[in-house]
Amino acid sequence: MANDRNTPAPKPPVVGLALGSGSARGWAHLGVLEGLEEIGVRPQVVAGTSIGALVGAVYVSGQLREFSDWVQKLSSRDVFSLLDFTLSGGMVKGQKLFGFFEEVHKNPLIESLATRYVSVATDMKTGREIWITKGPILPAARASCAIPGIFSPVKFEDRWMLDGGLVNPVPVSAARALGADVVIAVNLNAQLVGAHVSISSQSEQLATDPVPKIERSLWQRAGEYFTSSGTDNPGFFDVVAASINIMQDRITRSRMAGDPPEITLVPLLEDFALMDFHRAKEAIREGRRLVKDNAATIRAWAGIAAPSRVAPNTGAAPEGVGGAEPAPA
């Protein structure tokens, strides 16, 4: 017995979070992070691809609450105002959007943070998967956010970078490389096939917003030109979005089959399209729901005991002790 008492308790596992690509659906990552904090799970490693890299950057730099509050206030007009349209390398430069982020959010060095972080990007010239683990965090996240045909490539350390979702849509491998023993993956790609850009739906909302007529008509014309508008012929954005969705779905299945995470969370956002950034409340709510529904499993893998509550006047065992899923061996 003496030896048992002197045996040190096993160290809890290093929990990693792999935040996948998926454009506007990525706001669900905010809900997942908020939900994890509520059940006492704080990842020590965060790996992000595309929108996952951005949300992960906000989280590890301690700005989750402020960012979540801001995106939930975004309207279609706000989204439109942050888009700098171009025909060079993509439809949107992204400089205006990320310039705004740098103005209102902190931009610390990745290596100075307590939580390990990696942004996954794709080298446009070689096609290689690039892991960014040093330097200012917002440019690192931006390097991962360059959906082909939608957002222009970004130059990072003298190399042009494309979206990380082209090579590793749900970066489980990157989280493990940074030391994660247990990986919680958030896969936004499972239901992407069939989704589209949804400019037309934003045009309908803009029609009822107090937006100057010239801005409204520009957005609506773009929607009519680039989407199918109810015809049998697919529009430009329909083709681009469908191609990206199919590609990322297949890559995700292949990568996760070879390196499966311990837990996979799949937000049910099948009606979300690539550019539905004004629907953050729905996505965040879904992310929180996923964590709540899987709280017992997540706690078990993270080595965290379930909350104990004794039934009044019965002396019963704490709730969850008898029925909770056992911690993995």
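Me: Which residues of H2 meet which residues of H3?
Reply: From H2, Trp27, His29, Leu30, Leu33 and Glu37 meet Ile51, Gly52, Val55 and Tyr59 of H3; contact means heavy atoms within 4.5 Å. Helices are DSSP runs of H or I of at least four residues, numbered from the N terminus.

Me: What should I know about the model and the numbering?
Reply: This is a predicted model, in which local features need pLDDT of at least 70 and side-chain atom pairs count only at pLDDT 80 or more, whereas totals for chains, interfaces and linings use all residues. Residues are numbered from 1 along each chain as its sequence is written, and side-chain values use heavy atoms, with hydrogens and water left out.

Me: Back to H2 and H3: at what angle do they pack, and how far apart are their axes?
Reply: The angle is about 35 degrees and the axes are 9 Å apart. Axes are lines fitted to C-alpha atoms over the stretch in contact, and angles run from 0 to 180 degrees between N-to-C directions.

Me: How do H2 and H4 cross?
Reply: H2 (residues 27-38) and H4 (residues 64-71) cross at roughly 140 degrees, their axes coming within 11 Å.

Me: What about H3 against H7?
Reply: H3 (residues 51-60) and H7 (residues 137-144) pack at about 165 degrees with axes 8 Å apart. H3 and H7 are therefore roughly antiparallel. Ala53, Leu54, Ala57 and Val60 of H3 make the contact with Ile137, Ala141 and Ser144 of H7, which comprises 6 nonpolar, 1 polar and no charged residues.

Me: New topic. How many cavities are there?
Reply: The whole structure has 3 cavities of 30 Å³ or more. A cavity is a set of points on a 1 Å grid where a 1.4 Å probe fits but cannot get out, and lining residues have an atom within 4 Å of a point.

Me: What lines the largest one?
Reply: There are 19 lining residues, of which Ile51, Leu54, Leu97, Phe151 and Phe277 are the closest to the centre. H6 (95-104) supplies the largest share, 3 residues.

Definitions and conventions
Helix = DSSP H or I, 4+ residues; strand = E, 2+ residues; numbered from the N terminus. Parallel < 35°, antiparallel > 145°, perpendicular 65-115°, else oblique. Nonpolar A, V, L, I, M, F, W, Y, C, P; charged D, E, K, R; others polar. 1 Å grid on protein atoms, 1.4 Å probe; cavity = no way out; pocket = protein on both sides within 12 Å on 5 of 7 lines; lining within 4 Å. Points joined across faces, edges and corners; volume = space filled by probe spheres on them.
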